[in-house]
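Hello,

Here is the structure I promised to pass on to you. Have a look at it first, and then read on for what turned up in it.

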Amino acid sequence: MTNSQPEIVSYSDSGTKEVSKTSSAESVKLEMGENAEIDASLERRTMRFIDWRILPLLALLYSFALIDRVNLGAAYTAGMGADLGLAKGARYSIATCLYFVPYILLQLPGNLVLRKFGVRNWLTFSIVAWGVVQLAMGFVPTWGYLTAARILLGALEASFFPAMVFIISTWYKRHEVQKRLAIFYLISITMSGISPILAYIFSLLDGKRNIRGWAWIFIIEGTITLFLGVLSWFFIPNFPDKNTFLTPEQTALVLRRIDEDRGDSIPDKITRSKVLKHLRDWTLWSYGVMFLCSTMPAYAQAYFMTLILRGLGWSKTASLLLSAPPYFPAIATSMFFSWLSDKTKHRGGFIVIQALICIVGLCLTAFSHNGYVRYFGVFLLNAGNSGTIPGILAYASNNVVSQSKKSVQSALTVSMGGLGGIVASTVYRAEDAPRYLPGLGVTMGTQGLLILLVGITHIHFRHLNRISREGRLKEPLEGQPGFFYTL
């Protein structure tokens, strides 16, 4: 298994600063001499422009992917549950859960063909197609049709989030990426956090054109998604080596920065043998389980928060409106930990701290008998959980080299995160309302597992870094001289 039993021989990385430039040195040399100093002013302007050109658009697109994915709870509260009989048995959990089956299974294939079909073609098709399905959900006559639409939605959204993570990680140095992933994710989650408010506003159209209020939620949000799909065709960014919005000098600068950081600015060919080799690396699976643990509280909150608030005695309107505020304080905490993590070039410890904050919030929500204290627990839950998601994505991205491995890693990580949605949809059962203690207990357990896995990988990577510096490895870590794992 990759990384598990390093051979002890005579390679040394001690003091090494150079990183192999086998893949992209020639292309960079065309625009910038290999030994030329990077213009600091040009670098700042270029990276600031890239930030503004890439992150807001990708965040906007992903925010509506999230809204389209998690608006089921708001629609249920707005009357869909009664109209389609979703309260009978496990119908609501089934409709929620089955979305994740194709969502999980199709993420890796989708990421592997991203370059083959092209970023613009593949992602625009995905956005427009799931926008059509979302709109059509406003016209489903039975819960069976709703479930079928959810399955199709999962298939069409599958490759989108791992593609976003993959694209962003190729543009930045390893210890610049968590701030960017946090900005991308927090803009997305904040905008999706207003989903209950949007749902409430759209539900006020109840009866217009003889269409129920819950149906208007799907129709309007699906229409917005279709518009964003058209927008993405013109503006969605490509990989650095294929971008069309930078000057040749700026492109050369970006590629050189990546080469000096990890040597993979130009993609290596994706082959079956490479994919299988990457899948044998146990650390990639550990990132996936960590991401599962981090997504469990997020999905639980998205799908069941309005139901929990209703169970605490708030009205339908109050439940929808009070679902949004817990998302906003998480912006400050997540950005603070992301900034600190990039500044210190350390990931694991900050993931653990935020997981502990999440556990405190879960305990308050689960065990307090005061509704306001339970609601405050949701704020802590979200403040801790929101930052672990970009933290784990950065931790995983920092510790792989080559674009083929990043493609596999990002898809595997995010696909296993989808299992968090399946677990959440099955452990938060209608019969456990209004306290949902079994679901909240399982969610606490996932945070404990997250802390354990971070500890195991930290010890493993620290050991490999140490024996590499001591000259006891046959080859450099990840095949790149000067590379050390981020702890």
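Arginine 347 is buried, with a relative accessible area of 1%; buried means under 20% relative accessible area, exposed means over 50%, and partly exposed is in between (1.4 Å probe, protein chains only). Its salt-bridge partner is aspartate 342, with the closest N and O atoms 2.8 Å apart. Aspartate 342 counts as buried too, at 4% relative accessibility. A salt bridge here is a side-chain nitrogen of Lys or Arg within 4 Å of a carboxyl oxygen of Asp or Glu. Salt bridges that share partners also join Arg174, Asp261, Arg262 and Asp264 into one network.

Before you go further, please keep in mind that this is a predicted model: local features need pLDDT of at least 70, side-chain atom pairs count only at pLDDT 80 or more, and totals for chains, interfaces and linings use all residues. Residues are numbered from 1 along each chain as its sequence is written, and side-chain values use heavy atoms, leaving out hydrogens and water.

Back to the charges. Side chains of opposite charge can pair when their charged atoms come close. By the rule above, the count comes to 17 salt bridges. In one of them, arginine 257 meets glutamate 176, and the closest N and O atoms are 2.3 Å apart. Arginine 257 sits in helix 14 and glutamate 176 in the loop between helix 10 and helix 11 (177–193), so this pair ties together parts that are 81 residues apart in sequence. Helices (H or I, at least four residues) are DSSP runs, numbered from the N terminus. Both arginine 257 and glutamate 176 are buried. Another salt bridge brings together the side chains of arginine 262 and aspartate 264 (2.8 Å, N to O). Arginine 262 is buried at a relative accessible area of 1%, and aspartate 264 is buried at 4%.

Now for the rings. A pair of aromatic rings is described by the distance of the centres and the angle of the planes. Rings of Phe, Tyr and Trp (its six-membered ring) pair if their centres lie within 6.5 Å; planes under 30 degrees apart count as stacked, over 60 as edge-to-face and the rest as tilted. How many aromatic pairs does the structure hold? There are 23 aromatic pairs. Tryptophan 171 and phenylalanine 245 have ring centres 5.5 Å apart and planes at 25°, so they are stacked. This pair links distant parts of the chain, with tryptophan 171 in helix 10 and phenylalanine 245 in the loop between helix 13 and helix 14 (248–261), 74 residues apart. Tryptophan 171 and phenylalanine 245 are both buried. For phenylalanine 337 and phenylalanine 350, the centres are 6.4 Å apart and the planes at 50°, so that pair is tilted. Phenylalanine 337 belongs to helix 18 (residues 329–344) and phenylalanine 350 to helix 19 (residues 348–367), 13 residues apart. Phenylalanine 337 and phenylalanine 350 are buried as well. Finally, Tyr287, Tyr395, Phe461, Phe483 and Tyr485 form one aromatic cluster.

Helix 8 (residues 119–136) has 18 residues and reaches 26 Å from its first C-alpha to its last, close to the 26 Å expected at 1.5 Å a residue. The expected span is 1.5 Å times one less than the number of residues. Among the buried residues of helix 8 are Leu123, Ile127 and Trp130. The cover over its buried residues includes helix 2 (40–70), helix 9 (143–157) and helix 13. Helix 21 (residues 403–427) should span 36 Å with its 25 residues, and its end C-alpha atoms are 37 Å apart, which agrees. Helix 21 is mostly covered, as 22 of its 25 residues are buried.

Last, two single residues. Asparagine 385 lies in helix 20 (residues 371–398) and counts as buried at 1% relative accessibility. Not counting residues up to four places away in sequence, asparagine 385 touches Ser294, Pro297, Ala298, Gln354 and Cys358, where contact means heavy atoms within 4.5 Å. Methionine 191, in helix 11, is partly exposed at 28% relative accessibility. Methionine 191 and phenylalanine 64 are 127 residues apart in sequence and 8.1 Å apart in space, C-alpha to C-alpha.

Enjoy exploring!

Key. Helices (H or I, at least four residues) and strands (E, at least two) are DSSP runs, numbered from the N terminus.
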